[in-house]
Amino acid sequence: MTNLISDLNIQQQQAVMSGLGPILVLAGPGSGKTRVLTRRVAYLISTMGVNPFQILAVTFTNKAAREMESRVLELIKNVPQGLSMGTFHSICARILRRESKYLPIQSNFVIFDQDDQVRLVKKILKDQNIDEKRFQPNSVHSAISKAKNDLLLVDSFPVNSYRDEVIKRVYQHYQEALYVNNAVDFDDLLLWTAYLLEEHSDIKEKYARRYEHVLVDEFQDTNIAQYEILKNITSFHHNLFVVGDADQSIYRWRGADYRNVIRFEKDFPDTQVILLEHNYRSTQNILDVATSVINKNPYRVPKILFTDRGQGEKVSVYEALNDRIEADFIVETIVNIVAKRKAEAGDFAIMYRTNAQSRLIEEAFLGRGLPYRLIGAQRFYGRREIKDMIAFLRLVHNPNDEVSLSRIINVPPRKIGNKTMIDLHTVAQNAKIPMGLLLQKIAENPNSGFYEVFSNRSITALEPFGRLLSSWISLRDASAPLELIDRIITDIDFHNYIDDGTEEGLGKWENVMEFRRLAAEFKDEDLTTFLEQIALVSDQDTLREDTNIPTLLTLHAAKGLEFPIVMITGLNEGTLPHNRSFDEPEEMMEERRLFYVGITRAQDQLYLIYSQERSAYGFSEPTEPSRFLYDIPAELLSNLNRSSYHNIGQGSSKKSKWQSNNKRKDLEINKTKEQKYLPGTMVEHPHWGEGLVLNSRFDDGDEIVDIFFKGVGQKKVATSLANLVITKSNLK
DNA sequence: AGTCATTCCTTTTTT
DNA sequence: AGGAATGACT
């Protein structure tokens with residue numbers, strides 16, 4: 001037993017060995033929370049004698065689940081069987097397949113990804129003659145998704161405006177379409193599971209009794225549906241062990257609510273709270289930078305991050321002329337450091353706010369002929385040729401799936417156009433059978449009088465495809481996914497169709513081959529498992545650590561990871577923070593947390609990079625450095641523009657913005673005594689009423705304050721102009 | 001039905 | 001700038 005805890009600190013040990021009941025571990029970045037979770041599972045099995053079958057561990061990615069499982073195996077000699085591990089979505093999918101008889105869908109349902117979901121919304125908008133300009137498919141879909149994450153079914157969807165009314169109508173049709181296609185979307189996985197547990201006491205009892213211990217990682221990013229599932233699934237044993245950090249909550253837009261962390265203590269009054277603050281990842285300088293950034297967020301429980309790794313190097317700041325030079329600087333810097341053998345290529349991670357930013361960086365790498373690794377499974381599976389392959393498989397797996405059917409019925413072109421599709425749809429509807437089945441019937445007996453509505457031309461086009469589909473379906477249950485894929489590729493001569501001899505065509509074919517390689521790993525699994533896994537892959541799941549090359553990833557994808565050297569790029573107003581967060585304080589707070597997550601990924605060195613100009617939509621425009629940079633004390637930073645990097649860009653002679661900002665910063669530090677409106681101060685404004693000071697700085701001798709007014713939002717106020725009255729001072 | 005040109009839209013973030 | 005969607009033409 002000692003080997004399970006002997007290398008842990010007191011708080012970690014306390015967490016691992018804590019008793020029964022609800023336990024909330026508030027874990028700062030790099031504080032070893034994954035370790036604690038793993039040890040806790042091992043401890044429960046080996047010391048407390050808990051049957052692995054009765055343990056459920058929810059992780060944020062499937063990769064994390066696999067890793068945790070294999071570490072538990074290492075820790076315990078006798079191999080534990082029956083552990084339930086995975087993401088909320090994959091665990092729910094498993095439950096739903098098992099309990100499908102209670103649902104309006106069958107157990108071989110397909111899981112629609114984002115793309116399919118929006119596509120379906122779009123189709124419904126068209127069918128319903130709703131103006132796509134006023135009701136953009138994306139925003140309608142996200143409204144539906146949001147409702148689902150809040151556990152609102154169609155009937156309870158609140159209507160306060162005409163817009164709501166329209167969305168409700170689309171929601172209704174959308175949901176019906178899912179049933180017809182025997183499909184669920186991501187949100188349904190959670191929604192249906194929550195519903196089953198809530199409405200069917202026997203199911204709730206079954207799972208609540210089974211899962212004696214439930215452990216949850218990244219608890220700050222759970223949404224209402226997930227929280228309800230947890231409450232019900234632990235309702236028998238009450239052993240809920242959650243780990244999270246409200247400062248690292250970055251999925252608000254997906255319905256996640258970091259306030260679940262606070263709610264937890266309220267809902268479970270006997271909760272034991274354990275705080276992990278000791279950081280084992282970063283140098284103190286990096287932690288101090290992180291703290292200075294996150295401290296500007298209001299309404300949070302302050303944490304003190306400390307390490308015994310020493311002060312470390314200062315955090316580097318670089319101002320590039322534009323985003324292209326930014327990318328060059330990144331690659332150049334990596335090349336130099338690797339050449340000096342101070343680090344290996346694989347030590348570097350480059351992080352950015354939006355996927356679009358990766359392009360220039362990729363080009364910089366390619367220009368030098370250097371390899372890199374791009375994280376982003378969505379992007380791979382989103383490629384047209386891959387989506388087509390998946391659509392073929394889905395159709396074979398579930399012939400009811402009309403979304404997939406209409407996607408590929410004419411791929412490659414086989415003379416089935418709009419007209420034929422409409423006919424097919426009408427006949428299928430009249431016969432009350434799915435189009436997939438109708439196709440097979442046509443193949444069986446093309447001359448049946450039943451099909452006379454079709455023109456000869458249609459029938460001759462449809463019949464061969466129906467035969468193909470039938471032959472694939474007969475292959476389905478007996479063979480591995482790879483065999484089916486190869487058969488489809490051959491039957492439709494996909495290679496010839498995809499690879500048209502151009503470079504682009506070759507690239508596409510290589511993607512197909514990559515997909516094939518991926519499928520080869522599922523040789524012992526059935527098609528259902530394969531399709532489910534690729535529907536629920538997270539970006540991180542594709543991360544392979546076996547090659548020693550730099551990693552490119554979004555800040556969101558960086559969650560939970562760590563790298564010796566981290567470069568955060570695009571630290572400009574409008575990019576980070578993203579301009580869509582400007583008029584919503586909650587969003588702005590999340591941008592800050594996102595930056596915080598990025599900073600705290602770094603172990604040894606951190607680079608903060610921004611540009612004077614950035615290009616968007618093809619045009620280059622001047623941009624300001626990110627407001628977050630102003631929150632970092634100058635003494636923690638080292639400015640690279642002043643020293644050895646004059647050769648990059650021509651900005652050396654010019655006074656950099658950053659230098660002037662630093663001066664401003666110094667000014668602010670010197671004038672601290674005169675600063676009247678410290679963050680946390682409550683003030684009264686003649687027009688907007690009472691507000692909370694978020695931050696304050698000096699500009700040209702005037703104190704500029706960001707204030708959050710209740711019911712009004714965040715406002716920037718110059719104190720010399722506004723008549724502010726301090727109602728509650730924050731001075732100690 | 002398929003091909004080509006033009007327009008239009010995009011950029012948050014992802015299970 | 002680049003890719004997708006629409007529309008005219010063959």
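A cavity is a set of grid points where a 1.4 Å probe fits but cannot get out, and its lining residues have an atom within 4 Å of such a point. With that in hand, here is a friendly tour of this predicted model.

**Cavities**

- Rolling a probe the size of a water molecule over the atoms shows where empty space is left.
- The count comes to six cavities of 30 Å³ or more.
- The second largest cavity holds about 70 Å³ of space.
- Its lining is made up of Leu56, Val58, Phe88, Ile91, Cys92, Ile95, Thr193, Ile229, Leu230 and Ile233.
- Strand β2 (55–58) and helices α5 and α11 (224–233) each supply at least two of the lining residues, and α5 has the largest share, with four residues.
- By class, nine residues of this lining are nonpolar, one is polar and none is charged.

**The second largest pocket**

- About 1600 Å³ of space lies in the second largest pocket.
- This pocket is lined by 49 residues, and those nearest its centre are Leu518, Asp541, Thr542, Leu543 and Arg544.
- Two or more lining residues come from each of α4 (62–75), β3 (84–86), α5 (88–98), α15 (358–367), β11 (373–374), α16 (377–382), α24 (503–520) and α25 (527–535).
- Of these, α4 gives the most to the pocket lining, with five residues.
- The pocket lining divides into 17 nonpolar, 12 polar and 20 charged residues.

**Helix pair α17 and α22**

- Two packed helices are described by the angle between their axes and the distance between the axes.
- Helix α17 (residues 384–397) and helix α22 (residues 481–491) have axes that come within 11 Å and cross at roughly 115°.
- Angles of 65 to 115 degrees count as roughly perpendicular, and α17 and α22 are therefore roughly perpendicular to each other.
- The crossing of α17 and α22 is right-handed.
- On the α17 side, Met389, Phe392, Leu393 and Val396 take part, meeting Leu484, Ile485, Ile488 and Ile489 of α22.
- The contact of α17 with α22 has eight nonpolar residues, with no polar and no charged ones.

**Helix pair α14 and α15**

- Helix α14 (residues 323–339) packs against α15 at an angle of about 45°, with the axes 9 Å apart.
- That angle makes α14 and α15 oblique to each other, and their crossing is right-handed.
- From α14 the contact uses Asp323, Arg324, Ala327, Asp328, Ile330, Val331 and Ile334, while α15 brings Leu360, Ile361, Glu363, Ala364 and Phe365.
- The residues in the contact of α14 with α15 fall into eight nonpolar, no polar and four charged.

**Backbone spots to look up**

- Most residues other than glycine have a negative phi, and most peptide bonds are trans.
- The peptide bond from Val411 to Pro412 is cis, with omega near -10°; Pro412 sits in the loop between α18 (402–408) and α19 (418–431).
- Leu576 and Pro577 are also joined by a cis peptide bond, with omega about 5°, and Pro577 is found in the loop between β13 (563–568) and α26 (585–599).
- His238 is not a glycine, yet His238 has a positive phi of about 65°.
- You will find His238 in the loop between α11 and β7 (240–244).

Conventions: Residues are numbered from 1 along each chain as its sequence is written. Chains are lettered from A and ligands numbered from 1 in the order in which they are written. This is a predicted model: local features need pLDDT of at least 70, side-chain atom pairs count only at pLDDT 80 or more; totals for chains, interfaces and linings use all residues. Side-chain values use heavy atoms; hydrogens and water are left out. On a 1 Å grid over the protein atoms alone, a cavity is a set of points where a 1.4 Å probe fits but cannot get out, and a pocket is an open set with protein on both sides within 12 Å along at least five of seven lines; lining residues have an atom within 4 Å of a point. Grid points are joined across faces, edges and corners, and a volume is the space filled by probe spheres set on the points. Ala, Val, Leu, Ile, Met, Phe, Trp, Tyr, Cys and Pro count as nonpolar, Asp, Glu, Lys and Arg as charged, and the others, Gly among them, as polar. Axes are lines fitted to C-alpha atoms, for helices over the stretch in contact, and angles run from 0 to 180 degrees between N-to-C directions. Angles under 35 degrees count as roughly parallel, over 145 as roughly antiparallel, 65 to 115 as roughly perpendicular and the rest as oblique. A crossing is left-handed if the near helix is turned anticlockwise from the far one by less than a right angle, and right-handed if clockwise. Contact means heavy atoms within 4.5 Å.
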